[in-house]
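Student: Please take one part of this model and go through it closely. I want the cut-offs behind each term, and then the setting in the rest of the chain.

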Amino acid sequence: MYFIFGEIVISLVLPGIIVLILAMVPLMNHGIKHQSSARGNKQLISGFLFLILFVGANLLILFMNSEILSPLKITSYDASAVDTLLFVVFVVVAAASVYFIFSSESWASKLIFIVLLIYSAGRLIYPFDFLNGVSEFIVQYFMFIGLIIIIIAQYLRAKGSNTSES
């Protein structure tokens, strides 16, 4: 839908969508457990609730730009299909970075994903008139600083593993 209209919208509806998605996960897990244990009667209820939440989240996403939900719009940015695709890529990179920050064991890996998260966040807010100086600094200079930090962290990690082996 956003590829067709060429507009990226940030709205107060997004936290509601996240809550609906997070509410879907236990219902999905509950339905899978009941399906594997062959208790079909409670699976039907959790399946219907899952579908209602799924349809509700998708309708909010589709109609986020409608006149009814327009008072909840924070900002929007007219973009080409390529800019919209780039925005989606950085949303995925930011989400994956958050996941890997919490699931990584080594501090060097966490540092790499923190740098990616900061850069992705800067790229996401750069098109909007929000924290102009910060987002401009992140987009222009932080990746170079981040690359230096990543290289030093990897060097120290490799040096630490070599000393522990000997």
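Tutor: Leu124 lies in helix 5. Helices (H or I, at least four residues) and strands (E, at least two) are DSSP runs, numbered from the N terminus. Residues are numbered from 1 along each chain as its sequence is written, and side-chain values use heavy atoms, with hydrogens and water left out. This is a predicted model, so local features need pLDDT of at least 70, side-chain atom pairs count only at pLDDT 80 or more, and totals for chains, interfaces and linings use all residues.

Leu124 counts as buried because its relative accessibility is 15%. Buried means under 20% relative accessible area, exposed over 50%, and partly exposed in between (1.4 Å probe, protein chains only). Leu124 touches Phe87, Phe90, Val91 and Ala94, with residues up to four places away in sequence not counted. Contact here means heavy atoms within 4.5 Å. Leu124 also has a C-alpha distance of 8.5 Å to Ser135, eleven residues away along the chain.

Leu124 belongs to the largest nonpolar core. Such a core is a set of buried Ala, Val, Leu, Ile, Met, Phe, Trp, Tyr and Cys residues joined through side-chain atoms within 4.5 Å. The largest one has eleven residues: Phe87, Phe90, Ala94, Ile112, Val115, Tyr119, Leu124, Phe128, Ile138, Phe142 and Ile150. Helix 4 (81-103), helix 5 (107-125) and helix 6 (132-165) each give two or more residues to this core. Helix 5 supplies the largest share, four residues.

Now helix 5 as a whole. It has 19 residues. From first C-alpha to last, helix 5 reaches 27 Å, close to the 27 Å expected at 1.5 Å a residue. That expected span is 1.5 Å times one less than the number of residues. The buried residues of helix 5 are Ala108, Ser109, Ile112, Val115, Tyr119, Ser120, Gly122 and Leu124.

What does Leu117 touch, not counting residues up to four places away in sequence? Its partners are Ala94, Ser97, Val98 and Ile101. Leu117 is in helix 5 too. It counts as partly exposed because its relative accessibility is 25%. Val91 is 26 residues from Leu117 in sequence, yet the two C-alpha atoms are 9.6 Å apart.

Ser109 is another helix 5 residue. At 19% relative accessibility, Ser109 counts as buried. The side chains of Ser109 and Ser106 are joined by a polar contact of 2.9 Å. A polar contact is a pair of N or O atoms within 3.5 Å; within protein, one must be able to donate a hydrogen and the other to accept it, and residues adjacent in sequence count only if both atoms are side-chain atoms. Leaving aside neighbours within four places in sequence, Ser109 is in contact with Ser104 and Arg157.

Ser104 lies in the loop between helix 4 and helix 5. It is buried, with a relative accessible area of 15%. Its side chain reaches the backbone oxygen of Phe100 at 2.5 Å. Ser104 touches Ser109, Lys110 and Phe113, again without residues up to four places away in sequence.

Helix 6 comes in through Ile152. Ile152 is partly exposed, with a relative accessible area of 47%. Ile152 and Ala108 are 44 residues apart in sequence, and 9.3 Å apart from C-alpha to C-alpha.

Now the wider setting. The chain has six helices and two strands. Their order from the N terminus is α-β-α-α-β-α-α-α. Of the 166 residues, 25% count as buried. Contacts with a separation of 6 or more come, for 69%, from residues 24 or more positions apart. The accessible surface is about 11,100 Å², and carbon and sulfur atoms hold 73% of that. Areas come from the Shrake-Rupley method with a 1.4 Å probe; for residues, only the protein chains shown count as cover.

Last, confidence. pLDDT is the predictor's confidence in each residue, from 0 to 100. The chain averages 76, and 77% of the residues score at least 70. Among the elements, helix 5 has the highest mean pLDDT (84), and helix 1 (residues 2-5) the lowest (48). Where pLDDT is low, the predicted coordinates should not be read in detail.
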